[in-house]
Amino acid sequence: MTSIYEKLKYLLRPETVAVIGAAREPHKIGHQVLKNLIEGGFSRNKIFPINPHAESILGLKCYPSVKNVPQPVDMAVIVVPARIVPRVLEDCVEKGVKAVAVISSGFKEIGKAEEEKKLVEIARKGGIRLLGPNIVGICDTVRSMNASFCQELPEKGDIAFITQSGALGIALIGWTKLKHIGLSDLVSIGNKADVDEVDLIEFFGEDPYTKVITLYLEGISRGREFYAIAKKVSKKKPIIILKAGKAERTISAIKSHTGSLAGSDVAYDAVFKQAGVIRAPTFPDLFDWAIAFSKLPLPSGENVVILTNGGGAGVMATDEAEIRGIKLMDIPPDLADKIREYMPPFGSVYNPIDLTGMATKDWYRGSLEVLLEDPRVHAVLVIYCHTAQTEPRDIGDAILEAIKSIGKSKPVVASFIGGEECHKECERLTAEGVPCYESPERAVVALSALYNYWRFLKHKETYPVALDVDKERAYEIIRRAVEEGRKALTAYESAMVAKAYGIPVPEQALAKSEEEAVNVAEKIGYPLVLSIESPHILHKTEVGGVKVGLNSAEEVAKAYNEIMESVAKRAPQAEIRGVVVRKMIPEGREVIIGMHRDPAIGPLLMFGSGGILVELLKDVSFRVSPLSIEDVYEMIKETKAYKMLKGFRGMPEADIEKVVDVILRTAKLAEDIPEILDIDINPVFVFERGKGCLAADVKVVLK
Ligand code: COA
């Protein structure tokens, strides 16, 4: 099978390009695309303008149809009005064109989804990959191909930028030029009718000219595939994403806690985290980090050292490092002694190392060399505040010379704080391979992006070996409810589904008569709870359907009859299936475990502080299925509930391992039975280590 790289190569790295709709008048987009291709530097004899009304345009021979081009055409840019696009696309199929980029608007974005579908059908039938429609085009600096109506090509570089917004793409070219950010490609994906971000991530993952993949996205339509591909690619190259727009979430008919807390954005966050995709909140962050990845080696350990000539700037960097989870190394005495040679007696060898305002070029160079040479140091942040003592250029030289003399095996980032000269020096240093930022915090944040990625690469993944579950039994209960047209299972049915999946629930049984209730009670033992079982009664207590604290056969018999009488009076229409006799359980530490099926991403698992205050506390975290055991531990550790489970104020540690097991089983249940929309297990009472946990209340909501 042809790999995606081989297929998309014709779209992104074509040998020959046709412009269908190469207009004669300079103000028209088709004309601009042709002009851009020529001026961008793509070989003139490999460009074919198509226009039935012209002989030649911009000095190139024009063809009435792509079918008349005497050479093979790898890629066609289509710039004719929407209504003509299907026709010219058919011509492309006949010609054997391999890929098309449809700039034309007027499809799904204005409600013409059928017309767009037709384009995909034609393209698929003809074995063509289609980018767009509704795009600005492709800028590829590898082949010097500006197949777009962007004003010019970006600077050459190794960062690929995929954008869902065309206008933003155009605007950002100017911005990246201003900042000297080099791109391998800028690809506008528009309506994503065929080629989408998943295909492009896979392509750039293979592309030897791309080191970092960046994206601006508003939505991800193939969530499961995105997760799988992004996870695969991010093990090779960093992926940084700016995801805007909080897509509407589906709200289940019977709102579960998990459903109401799991907005789509939460799902995206979970996917990004698990796939190793770094999420940037703004464009400056996105490109700050992309530059760091493009220019620097990854660290080989956690020890970071800050070198500064200004105490205040060092403190700011330290604060940010703490927020970002960056570990500032304790400087060992032998290393401190070596550094003392490059500072006045009142300098500080604590981390941040303060060379003081008296710092000279030689001190910066000497101390940085010491740090770069020491294998215990894994990354360095050099901060410079412009003083009358030194010139920014000299300190820049000191950094570059130190790196040159010791070698570039560790990440070094810098922050130069000051006016115009510092700004210029920052640009020079960045261009020379030392990403330099105008504030210490930004430098720390960029470094933390490297660290997050490095940690992801180290992150192990162990998947649970086959969990013993009774799928048949669970499916039977769900199938019956679906056949009855129900949107949720009863509490008893939910508990039985959970039980079939090895999720511990209190001992319970359904009794259909007073006698049966007493027999079951004697078997289970006391104290007990009795509750009405009916698919039509949601709030059991309100109809007198619950009795708690029952301690004898007599009490059970009495409770059974009272429940039946009360329900018959207060909910006469409800279908009654019996009474659930359930063992009362000791209370433990309360957590919630939940699942919400995101329409694009699939099962999203939730863990957090449980009980009645779930939605108020919002102490929850999410991960998407399939999840590794490490994912589950990380998910638990992100919450305050974890601290409670670990034990505080003399409380012993709770059975966290059992909680992990229940989360994995809940995920399996969701994977196995797609009819389930939401699962809420709240509260789960967690007992001391080794004593397990019990799902006190399970709610299963169906699609
Ligand atoms: N094959 C090739 N060329 C053809 C053709 C055919 N079958 N039929 C017509 N053409 C030519 C036209 O003759 C014209 O050339 P001319 O001006 O020399 O006569 C050229 O194609 C363009 O057609 P025209 O009807 O003038 O359209 P236009 O240039 O006004 O608009 C688009 C075409 C695609 C630019 C416009 O429909 C559009 O979609 N604009 C929005 C683009 C956009 O914003 N994209 C998203 C960015 S985020």
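Biologist: Ligand first. How many residues surround the ligand, and which are the closest?
Modeller: The ligand has 23 residues around it, and the closest are Arg24, Lys28, Asn51, His53 and Ser105. A residue counts as near if one of its heavy atoms lies within 4 Å of the molecule. Mind that this is a predicted model: local features need pLDDT of at least 70, side-chain atom pairs count only at pLDDT 80 or more, and totals for chains, interfaces and linings use all residues. Residues are numbered from 1 along each chain as its sequence is written, and side-chain values use heavy atoms, with hydrogens and water left out.

Biologist: What is the shell like by class?
Modeller: It holds 14 nonpolar, seven polar and two charged residues. Here Ala, Val, Leu, Ile, Met, Phe, Trp, Tyr, Cys and Pro are nonpolar, Asp, Glu, Lys and Arg are charged, and the others, Gly among them, are polar.

Biologist: Which polar backbone atom is 3.1 Å from a ligand nitrogen?
Modeller: One of Ile103. For Ile135, a polar backbone atom is 3.5 Å from a nitrogen atom of the ligand. The protein buries 76% of the 970 Å² that the ligand exposes when taken alone. Those areas come from the Shrake-Rupley method with a 1.4 Å probe.

Biologist: New topic. Where is Thr390?
Modeller: In the loop between strand E17 (379-385) and helix H14 (392-406). Helices (H or I, at least four residues) and strands (E, at least two) are DSSP runs, numbered from the N terminus.

Biologist: Buried or exposed?
Modeller: Thr390 is buried, because its relative accessible area is 7%. Buried means under 20%, exposed over 50%, partly exposed in between (1.4 Å probe, protein chains only).

Biologist: And what does Thr390 touch?
Modeller: Beyond residues up to four places away in sequence, Thr390 touches Ala359, Thr360, Lys361, Tyr384 and Ile395. Contact means heavy atoms within 4.5 Å.

Biologist: Now Val380. Which strand is that in?
Modeller: Val380 sits in strand E17. Val380 counts as buried, because its relative accessibility is 0%.

Biologist: Last one. What domains does the assignment give?
Modeller: Domain 1 (4-210), domain 2 (297-458), domain 3 (471-583) and domain 4 (589-702). The bounds come from an automatic or database domain assignment. Over C-alpha atoms, the centres of domain 1 and domain 3 are 63 Å apart.

Terms used: Polar contact = N/O pair within 3.5 Å; in protein donor to acceptor, adjacent residues only side chain to side chain.
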